[in-house]
Amino acid sequence: MYYVRNERNGKEIHDARLNLAIEYYLLNEILLDEPILLFYINDNAIIVGKNQNTYEEVNTDYVEKNDVTVVRRFSGGGAVYHDLGVLNFCFITKDDGDSFRNFKKFTSPVIEALHKMGVEGAELRGRNDLVINGQKFSGNAMYSKNGRMTAHGTLMFDSQIDAVVGALKPKKHKLESKGIKSIRSRVTNIKPFLDDDFQYMKTKEFREKLLLNIFDVEDVSAIKEYKLTEEDWEKIEAFAEKYTANWEWNYGESPKFDLERSERLSIGTVEAKLNVEKGTIADIRLYGDFFGMGELSDVEEKLKGIKYDAQSIREAFEQVDLKHYFGDVDVEELIQLLY
């Protein structure tokens with residue numbers, strides 16, 4: 001097995017958009033005679049499954065205020081939160097016809113390594129979750145293409161649990177879509193369960209310990225590596241530009257959905273009904289008991305066809321005299337209502 005470091009010019013990458021691009025580049029372009037193992041650690045990010053509605057999975061307010069990157073992956077499954085306390089692993093290999101959906105095959109090396117570090121309660125439970133005493137610390141997914149496959153998962157080593165909850169707790173909309181919804185589970189970090197000898201470790205030290213166990217070597221220098229070239233990096237960046245760093249992929253690929261929201265604002269109650277397709281507002285109706293002048297259809301027309309994100313809504317509102325239509329409204333609370 002080959003190990004790949006997600007480093008460029010000696011610097012480790014923590015951008016989720018690039019790290020997921022590396023993963024799929026290795027899957028699609030790098031054909032080696034043995035399987036590949038990739039580890040990566042991302043800055044704050046939410047990774048949604050291929051078939052999910054991004055808007056239904058993330059807390060959009062939290063994401064914008066805390067600079068959380070949102071990326072859609074190519075595999076199915078639910079949404080997961082990444083930060084510098086989460087280690088992500090990815091095995092890339094031939095699809096031999098027996099390995100796809102065999103999560104035990106790819107998680108066993110991780111579980112065995114954890115057992116050696118004192119985490120005796122670590123086990124695979126259900127289809128694709130790793131748990132400690134019934135609490136989830138790892139979600140796993142798979143993706144297959146052209147006779148090759150990737151099995152990847154998260155390892156919550158020392159993650160900010162409050163951030164996980166905050167980022168993955170969407171607003172209370174009435175939202176109807178055909179996207180695959182995540183199932184929320186009780187989660188835990190790995191670190192509290194490690195033997196005392198390993199309590200010193202940060203995420204990167206934990207990664208090194210896993211590597212030694214998985215490759216059964218005494219020093220990481222003994223591990224066989226494939227090193228990414230500058231040509232590889234150019235292709236990885238091109239892939240990211242097309243997919244993982246592209247709003248059209250991360251949000252626009254969401255299944256179409258209908259959304260209803262009603263809030264008591266400073267001007268009175270405002271209700272919005274939206275239809276969103278391919279990440280853009282296809283139709284919208286605004287109602288309420290506020291005192292305004294003019295036809296709200298003027299405002300609705302400005303909103304139709306724009307990206308369904310806060311900045312696009314803000315820019316649309318700048319094109320109309322909102323006080324004429326809504327009274328002395330706070331623009332930001334109106335944006336909060338819609339998004």
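Reader: Does Lys-304 count as buried, partly exposed or exposed, and at what relative accessibility?

Author: The model is a predicted one. In it, Lys-304 sits in the loop between α9 and α10 (310-317). Partly exposed covers what falls between under 20% (buried) and over 50% (exposed). Lys-304 therefore counts as partly exposed, at a relative accessibility of 31%.

Reader: Which residues is Lys-304 in contact with, leaving aside its neighbours within four places in sequence?

Author: Contact here means heavy atoms within 4.5 Å. With the neighbours within four places in sequence left aside, the contacts of Lys-304 are Ile-281, Ala-282, Asp-283 and Ile-284.

Reader: What separation do the C-alpha atoms of Lys-304 and His-82 have?

Author: Along the chain, Lys-304 and His-82 are 222 residues apart.

Reader: How many helices and strands does the protein have, and what box do its C-alpha atoms fill?

Author: The count of secondary structure elements gives twelve helices and 16 strands. Taken along the principal axes, the box filled by the C-alpha atoms is roughly 75 × 45 × 35 Å.

Reader: What share of the residues counts as buried?

Author: The protein exposes about 16,400 Å², of which carbon and sulfur atoms supply 44%. A residue is buried when its relative accessible area is under 20%. Of the 339 residues, the share that counts as buried is 53%.

Reader: Among contacts between residues at least 6 apart in sequence, what share joins residues at least 24 apart?

Author: The contacts considered are those between residues at least 6 apart in sequence. Among these, the share that joins residues at least 24 apart is 70%.

Reader: How many salt bridges are there, and what is the distance between the closest N and O atoms of Arg-8 and Glu-230?

Author: A search of the whole structure finds 18 salt bridges. One of them links distant parts of the chain, with Arg-8 in strand β2 (residues 7-8) and Glu-230 in helix α7 (residues 230-242), 222 residues apart. A salt bridge needs a side-chain nitrogen of Lys or Arg within 4 Å of a carboxyl oxygen of Asp or Glu. For Arg-8 and Glu-230, the closest N and O atoms are apart by 2.4 Å.

Reader: Which residues are linked with Arg-8 in a network of salt bridges?

Author: Glu-230 is partly exposed, with 39% relative accessibility. The network of salt bridges links Arg-8 with Glu-230 and Glu-237.

Reader: What volume does the second largest pocket have, and which element gives the most to its lining?

Author: The volume of the second largest pocket is about 460 Å³. Its lining has 22 residues, and the closest to the centre are Arg-17, Val-63, Val-68, Thr-69 and Val-70. At least two lining residues come from each of α1 (16-29), α3 (60-65), β6 (69-72) and α8 (247-250). The element that gives the most, with three residues, is α3.

Reader: How do the residues of that lining divide into nonpolar, polar and charged?

Author: Gly is counted as polar in this division. The lining of the second largest pocket divides into nine nonpolar, seven polar and six charged residues.

Reader: What phi does Asn-9 have, and what phi does Asp-67 have?

Author: Asn-9 is in the loop between β2 and β3 (11-12), and is exposed at 74% relative accessibility. Asp-67 is in the loop between α3 and β6, and is exposed with a relative accessible area of 64%. Neither is a glycine; Asn-9 has a positive phi of about 55 degrees, and Asp-67 has a positive phi of about 55 degrees.

How values were computed: Residues numbered from 1 in each chain as written. Predicted model: local features only at pLDDT ≥ 70, side-chain atom pairs only at ≥ 80, totals over all residues. Heavy atoms only, no water. 1 Å grid on protein atoms, 1.4 Å probe; cavity = no way out; pocket = protein on both sides within 12 Å on 5 of 7 lines; lining within 4 Å. Points joined across faces, edges and corners; volume = space filled by probe spheres on them. Helix = DSSP H or I, 4+ residues; strand = E, 2+ residues; numbered from the N terminus. Buried < 20%, exposed > 50% of the residue type's maximum accessible area, 1.4 Å probe, protein only. Areas by Shrake-Rupley, 256 points an atom, 1.4 Å probe, with all protein chains shown as cover.
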